[in-house]
Amino acid sequence: MTDDVLVRARDLQVHFPVRSKGLRRKVVGAVRAVDGVDLEVRRGETLGLVGESGCGKSTLGNALLRLVEPTGGTVEFDGADVTAMSRPALRALRRRAVMVFQDPYASLDPRATVGQTVAEPLQVHGLHPGARARASRVAELLELVGLDASVASRYPHEFSGGQRQRVGIARALAGEPDFVVCDEAIASLDVSVQAQVLNLLRRLQDQLGLTYLFVSHDLAAVRHVSDRIAVMYLGRVVEVGPAEQLAADPQHPYTQALLSAVPVPSPALERARRRTVLAGDVPSAAAVPSGCRFRTRCPHAFDPCPDVDPALQAVGAGQTAACHLHGVVGSREARV
Amino acid sequence: MSAPARPAAPPVRVRPERGRWRATLRLLLSSPPSLFAVLVLLAVVVVALFDEQIAPTGFNEVDVSDRLQPPGAGHWFGTDDLGRDVLSRVVLGAKVSLQVGTVAVGFSLVVGVLAGLLAGFYGRWIDAVLMRLMDVLFAFPAILLAIAVIAVLGPGTTNAMIAIGITYTPVFARVTRAAVLGVREQVFVRASRSVGASDARLLLRHVLPNALPPIIVQTSVSLAFAVLAEAALSFVGLGTQPPAPSWGRMLSEGRGYIDLAWWIAVFPGLAIVVLVLAFNLLGDGLRDVLDPQQRSALEAARHRPGRRRRAEVRR
Amino acid sequence: MSAPVLEVADLRVRLETPRGPAHVVDGLDYAVGAGETVAIVGESGSGKSVSVLALLGLLPASATVTGTASFGGRDLLAMSEAELRGVRGNGIGMVFQDPMTSLNPVLSVGRQLTEGLLAHGVVTGRAAARARAADLLADVGLPDPRGALERYPHELSGGMRQRVVIAIALAGEPRLLVADEATTALDVTVQAQIVDLVTRLQAEHGTAVVWITHDLGVVAGIADRVLVMYGGRCVEDGGVDDVFDAPAHPYTRGLLGALPARVDAQRGPGRRAPDLVAIAGTPPPPTELPRGCVFWPRCPVRGDVRCETEQPPLVRVGGTDPRPHRAATFYGREIP
């Protein structure tokens with residue numbers, strides 16, 4: 001039975017224990033980095049995942065690939081339960097579901113040649129066996145991401161950030177994956193180079209039929225590449241919807257504030273617009289507020305917010321938001 | 001190491017593995033200090049292998065009438081208190097000193113690095129058990145520990161090497177562990193894991209090579225200490241048994257005659273200095289050519305002096 | 001129009017690097033008036049940060065700085081270290097990217113603020129200094145300013161720390177505020193708070209602001225004038241509307257075209273956004289600047305035979321006197 005959902009998270013949790021100092025190191029609490037996330041990534045789409053630092057979006061991306069162990073809930077990849085996978089099964093998953101990392105200066109082994117880096121997935125999974133077959137596959141991959149095949153024998157320090165990120169993308173694509181998590185993949189690049197990489201990612205998607213989870217704090221970039229966008233706040237997805245619809249008509253107060261805070265590169269529009277400047281700071285993920293976790297900063301907080309943890313509910317065509325302003329229904333049980 | 005037929009040109013320009021090793025060696029030898037080190041080590045090895053042919057006399061040819069002769073035509077390095085030719089004893093002692101250096105440090109290198117790798121990479125209880133074990137070893141004064149080991153194994157050159165090896169293991173374990181702790185958290189290790197690399201692959205392909213520089217430095221330092229430690233053990237009668245010579249023993253025996261006959265101590269001492277210096281220079285050279293970034297700087301400096309370098313370094 | 005607060009003329013900075021001399025800043029002219037904000041925009045290695053560090057005497061001794069920077073009738077570049085120390089923090093306030101490293105972690109916020117106040121003779125006496133410090137913290141919007149005086153930098157969030165840094169910068173009632181990537185490390189909602197704060201304080205005190213950033217969105221919201229830097233040179237400057245609405249230099253055009261938000265604003269009702277206009281290649285490191293126009297190797301126009309051999313002059317392409325809109329091209333506004 002194939003459905004159009006490639007990756008599905010159900011009530012996914014990643015809690016990191018907080019230990020006391022001293023010898024006993026008792027567990028005294030938990031940082032709830034991801035705290036009950038339901039999310040679907042459909043085949044062939046780009047799902048953008050936005051949020052501010054510390055909201056858990058990176059942890060969520062890692063948990064979907066089980067690069068971070070979930071502490072609760074399930075992840076399904078193509079119908080198989082990732083959270084229950086054996087070692088061999090997990091290894092097979094590593095070929096089909098991969099990640100492109102943020103910092104291209106840190107994500108390539110400085111002592112491995114570009115060729116060795118790109119060939120690693122091939123060796124690990126026994127693809128294109130034989131030195132010559134592997135070399136020609138590496139050459140093919142390098143050309144696919146817009147690099148010259150001859151760079152295989154060079155080392156990462158000889159390249160600029162954008163070129164390195166291309167190498168990182170070539171490595172990710174070596175095993176012909178279905179699903180790519182781009183974890184802040186353009187965040188450390190210069191603006192003019194970001195555009196190159198974004199264009200490349202989109203071209204590769206068309207060419208190879210990839211499914212992306214595009215994790216980023218950059219709302220403009222997310223809006224540009226995504227078919228749908230999920231907004232995260234303090235460990236929870238608070239709104240999901242088609243990219244343009246969500247950007248034009250956000251329903252959750254946090255999404256509204258986030259969108260209004262993003263500066264627009266147009267002086268006239270900047271002068272004309274009114275900002276919803278949020279007061280205060282994001283609460284610590286080790287001390288999540290009761291009820292709705294956004295209520296401490298929400299300009300619209302009212303009676304039910306401190307008591308009832310809102311669930312995602314439909315607010316438009318294909319758009320869902322977790323906010324009591326749209327009716328106090330289907331509430332989640334409070335997890336305190 | 002013979003590669004008779006040149007392989008047909010591959011479809012793309014991928015530098016073959018063996019060619020890269022050869023290029024590394026060539027680059028290493030292109031730096032004068034490293035070349036000097038390699039030549040000295042080769043010389044010491046040749047001397048150690050053919051010591052009996054090279055030495056003018058046997059190691060224990062006593063000639064009391066000829067004792068304490070200064071360096072001169074008959075005895076280039078002079079004679080000691082028993083009239084034995086110092087040059088011959090230095091030549092014949094090369095084997096022991098070289099063996100002690102390589103075998104003892106080799107032992108501590110292998111065991112210590114392995115322990116450090118596992119402890120640093122896996123952490124938790126593996127780290128706790130291994131490193132506490134190393135702390136116990138480290139807590140004893142080195143010589144006392146070596147003496148204890150020899151008490152169990154019995155005296156002799158081989159056992160002295162093992163004892164010294166055990167003594168130096170904790171240092172390597174600690175140095176390696178510290179380096180691994182840093183490398184382990186690097187994104188490229190996570191990136192390799194994310195494409196399915198096994199722990200063994202991560203350790204050998206990514207963690208160890210990047211943890212190598214401090215280990216290389218530690219190796220050259222330990223080699224020096226090992227040669228001297230052998231002297232100390234021999235001095236208390238637990239290492240090389242008299243009258244067989246070793247540089248360390250000759251040095252400590254000659255100490256008593258230093259104002260009467262300086263040559264007895266100075267020549268073996270010089271031999272140690274030169275050997276240790278060679279090890280250190282080789283260590284430095286290796287560290288540089290094994291680091292790709294240093295390496296392209298070296299290559300650039302060598303191949304196109306004056307021309308601008310393409311390599312761009314951001315941090 | 002009154003005399004500008006800061007007037008920089010023909011600023012050049014040369015750094016000695018292991019790879020040879022680097023002309024990090026190569027002939028920069030600009031002026032900032034009271035209450036005015038000049039944004040210096042550029043990518044990594046463009047020399048934008050160095051250009052202000054040079055004014056403040058904060059470059060290593062190996063740097064050679066030439067030109068003039070007249071501030072209040074005196075040339076900053078001709079001042080002794082002691083004179084500069086008097087100007088820094090008193091006449092000129094500084095805010096840098098990372099608030100954590102700008103603050104001393106072992107001193108309380110109150111100590112750091114009062115020290116500056118006393119050192120620059122703004123107030124006399126501890127009690128008066130503390131009262132003034134609390135006022136300043138209230139001014140930058142820190143909740144519970146009296147309590148905040150007792151706290152240490154690590155106890156504050158990133159946004160709060162940056163507010164403290166701004167408070168310290170404003171303690172000497174400077175006529176000029178220099179902000180170097182002051183919001184880059186912050187989340188967008190916090191960035192919006194800080195930008196609002198600076199705009200408000202500027203309106204109240206008539207401070208001149210030099211805002212250094214790579215983020216054109218922020219520039220659109222905050223700047224009166226823009227100076228675009230590339231490879232150590234000014235490639236375009238002018239009023240913010242002129243530069244954003246009618247960019248004349250191919251680099252500026254590329255930079256704006258690389259912004260998803262600008263491209264998406266023009267996207268029709270279709271599902272997919274058009275590709276971004278990426279500039280090929282990467283910015284050159286300062287040690288390897290090309291001959292001729294610094295941008296020509298990446299330039300999509302290269303509309304003149306002199307591009308590869310001669311530096312194009314900054315020519316007027318629009319704007320009004322005395323504030324023209326200028327671009328460093330051979331062909332002015334009529335780009336082929």
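In the predicted model, chain C contains twelve helices and twelve strands. Its radius of gyration is 21 Å, close to the 20 Å that the globule rule gives for 336 residues, so chain C is as compact as a globular protein of that length. Along the principal axes, the C-alpha trace of chain C spans about 65 × 55 × 45 Å. Of the 336 residues in chain C, 49% are buried.

Chain A has ten helices and twelve strands. The radius of gyration of chain A is 21 Å; the globule rule gives 20 Å for 336 residues, which is close, so chain A is as compact as a globular protein of that length. A box of roughly 70 × 55 × 50 Å, taken along the principal axes, is filled by the C-alpha atoms of chain A. Buried residues account for 53% of the 336 residues in chain A. Residues 24 or more positions apart supply 64% of the contacts in chain A that have a separation of 6 or more.

Within chain C, helix α4 (residues 109–119) packs against helix α7 (residues 158–171), their axes coming within 9 Å and crossing at roughly 15°. An angle under 35 degrees counts as roughly parallel, and α4(C) is therefore roughly parallel to α7(C). The crossing of α4(C) past α7(C) is right-handed. On the α4(C) side, the contact is made by V109(C), Q112(C), L113(C), G116(C) and L117(C). On the α7(C) side, the residues are V164(C), A167(C), I168(C) and A171(C). By class, this contact of α4(C) with α7(C) comprises seven nonpolar and two polar residues, with no charged residues.

The contact between chains C and A involves 39 residues from chain C and 33 residues from chain A. On the side of chain C that touches chain A, the elements giving two or more residues are α8 (188–205), α9 (216–222), α10 (240–245), α11 (250–257) and α12 (260–265) of chain C. The most is given by α8(C), with six residues. By class, the side of chain C that touches chain A is made up of 20 nonpolar, eleven polar and eight charged residues.

Methods. Residues are numbered from 1 along each chain as its sequence is written. Chains are lettered from A and ligands numbered from 1 in the order in which they are written. This is a predicted model: local features need pLDDT of at least 70, side-chain atom pairs count only at pLDDT 80 or more; totals for chains, interfaces and linings use all residues. Axes are lines fitted to C-alpha atoms, for helices over the stretch in contact, and angles run from 0 to 180 degrees between N-to-C directions. Helices (H or I, at least four residues) and strands (E, at least two) are DSSP runs, numbered from the N terminus. Angles under 35 degrees count as roughly parallel, over 145 as roughly antiparallel, 65 to 115 as roughly perpendicular and the rest as oblique. A crossing is left-handed if the near helix is turned anticlockwise from the far one by less than a right angle, and right-handed if clockwise. Two residues are in contact if their C-beta atoms, placed from the backbone, lie within 7 Å. Ala, Val, Leu, Ile, Met, Phe, Trp, Tyr, Cys and Pro count as nonpolar, Asp, Glu, Lys and Arg as charged, and the others, Gly among them, as polar. The radius of gyration is taken over C-alpha atoms; the globule rule is 2.2 Å times the number of residues to the power 0.38. A residue is buried if 20 or more other C-beta atoms lie within 10 Å of its own, exposed if 12 or fewer, and partly exposed in between; C-beta atoms are placed from the backbone.
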